[in-house]
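Please open the model in your viewer and keep the selection panel at hand. The tour below goes from one selection to the next and says what is there each time.

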Amino acid sequence: MKSDFYKDLKIYNSLSGKKEIFVPINKKNVGIYVCGPTVYNNAHLGNCRTFISFDIIHRYISHLGYKVRYVRNLTDVGHLENDDDGEDKISKKARIEKLEPMEIVQKYTLDFHTIMEKFNTIPPNIEPTATGHILEQIDSINKIIESGYAYKKNGSIYFDVIKFNKINKYGKLSGRKIEDMMNSSRDLDGTSDKKNPQDFALWKKAEKNHIMYWNSPWGKGFPGWHLECTSMSKKYLGDFFDIHGGGMDLKFPHHDCEIAQSEAIDNQSPAKFWMHTNMLTLNGKKMSKSIDNFILPNEIFTGKNNILSKDFSPNIVKFFMYQAHYRNVLDLSNDALIASEKGLNKLIDGFNLIPNLNSNHNKSDFDVDNWISNCYSRMNDDFNTPMLIAEMFECVKFINNVNIGSKNLNKKDKEKIKNTFEIFLFEILGLINENNSNSGKSSDLIELLIKIRNQARTNKNFELSDQIRDDLLKLGIQLNDEKNESSYKLI
């Protein structure tokens with residue numbers, strides 16, 4: 001374990017509605033399950049925020065010394081347009097694009113993996129698919145039937161929410177009350193096979209025109225959307241594991257249904273901690289394909305969109321996301337991305353200055369050990385990336401002051417700063433040092449401009465001298481003039 005920092009990790013548990021000290025079920029092993037995408041379309045940036053957020057959670061818990069098994073599923077069947085009704089999203093896309101359903105799955109799975117790779121996220125240890133676990137889902141249904149909380153109707157199997165709620169509490173994660181659900185539900189019109197509007201499908205009978213179906217004890221059909229995560233998390237992480245995560249929009253009904261299914265099978269919630277990421281908005285509205293308010297990552301990377309003024313790298317977009325806490329709403333805008341670009345360049349340029357800083361055996365004008373402790377404290381406070389980034393900026397101020405000779409740096413502290421930057425900026429935040437290959441050339445270019453400016457000052461060409469100074473300042477490079485020479489620092 002990394003010193004005693006692991007003892008202080010607190011995570012906001014959506015189930016309890018408060019931050020709790022993280023103590024793994026098994027001392028050295030941590031199980032994480034995250035609901036992955038339904039692979040029927042390109043992943044928009046709102047989808048990506050969830051998986052980028054859980055990437056840093058995975059990275060940090062691993063950094064603390066735990067062995068993590070990270071499972072993230074792919075939904076490739078059973079996700080209907082209206083939960084239990086409507087057309088399967090993948091089948092519909094296959095019909096529109098005139099492809100086989102599994103061609104759609106392959107096409108958009110590859111796209112999702114490519115985007116996640118561009119964002120430099122670590123792949124999950126296991127990435128199971130719904131179609132690859134039909135037998136496990138049938139087994140789960142049989143256990144729920146045995147518990148008395150499921151019923152068969154015309155070849156379909158439904159979970160009896162009302163009956164379950166009499167003994168257990170349905171909706172405990174979202175905080176919804178069954179009475180409110182009943183009052184807001186529309187009465188069944190006589191065509192539904194459900195006993196109650198609140199009931200949800202565990203297995204759906206395949207109609208004649210349905211493409212994707214499997215044999216089961218109840219006839220040909222396909223599993224309900226909520227069932228896959230219950231079955232696959234149990235298979236790979238056991239009946240009770242540490243963290244279950246997903247987007248805020250999955251709290252109800254998806255995660256409430258998962259909890260109900262698990263409690264029906266073995267009388268316990270599947271996870272100790274439930275974590276949910278908040279929305280990424282665009283123009284102040286939820287980013288969603290259904291309302292045509294979204295932007296694709298590649299449209300940002302290439303600048304091929306009508307929203308932003310230029311292209312932004314995955315590195316910048318990722319840093320932009322980390323400047324808001326994962327539980328807070330984040331709005332995408334051109335100004336926010338430009339500010340993120342400047343901020344990230346400032347951090348990385350500061351890091352690239354460290355090897356060339358003058359150091360000695362005197363005391364540093366900066367409490368490095370306290371700064372390192374603060375960095376861990378920020379991450380231990382429910383993965384507070386905005387506050388961690390603020391700590392990094394504080395250190396960059398010191399680095400720049402050392403660079404211009406106004407502050408002192410101890411040799412041992414210099415190494416500590418370098419190591420800590422590498423840990424938090426690159427290992428944990430998962431950012432890439434894109435400026436590294438050009439940092440030497442950039443410094444040489446700045447020095448050349450300073451040389452030209454000094455000559456202009458000697459020649460009393462103050463117009464050119466001032467223009468060079470002002471243009472460099474716009475680029476975040478501040479000149480400090482002395483009698484016979486000038487130095488610079490990054491701001």
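This is a predicted model: local features need pLDDT of at least 70, side-chain atom pairs count only at pLDDT 80 or more; totals for chains, interfaces and linings use all residues.

Residues are numbered from 1 along each chain as its sequence is written, and side-chain values use heavy atoms, with hydrogens and water left out.

Now select the whole of α16, residues 462-474, whose 13 residues reach 18 Å from the first C-alpha to the last, close to the 18 Å expected at 1.5 Å a residue; the expected span is 1.5 Å times one less than the number of residues. Helices (H or I, at least four residues) and strands (E, at least two) are DSSP runs, numbered from the N terminus. Which residues of α16 are buried? They are Ser465, Ile468 and Leu472. These residues cover an arc of only 65° around the axis, which puts them on the same side of α16; the arc is that of the directions from the helix axis to the C-beta atoms. An α-helix has 3.6 residues a turn, so residues three or four places apart point the same way. Just after α16, click on Gly476, which takes a positive phi of about 85°.

Strand β8, residues 156-159, pairs with β9 in the antiparallel sense over 3 bridges, and two strands count as paired if DSSP finds at least two bridges between them. Select Ile157 to find it opposite Trp203 in β9. Strand β10, residues 221-223, is also joined to β9 by 3 bridges and runs antiparallel to it, with Gly221 in β10 as the bridge partner of Lys205.

Finally, show the open sheet of 4 strands, which has the order β4-β3-β11-β12 with parallel pairing. Its edge strands are β4 (67-72) and β12 (271-277), each of which pairs on one side only. Between β3 (residues 29-34) and β11 (residues 241-247), which run parallel, there are 3 bridges, and Val34 stands opposite Gly245 in β11. Helix α1, residues 45-63, packs on this sheet and touches β3, β4, β11 and β12, where contact means heavy atoms within 4.5 Å.

Key. Buried means under 20% relative accessible area, exposed over 50%, partly exposed in between (1.4 Å probe, protein chains only). Axes are lines fitted to C-alpha atoms, for helices over the stretch in contact, and angles run from 0 to 180 degrees between N-to-C directions.
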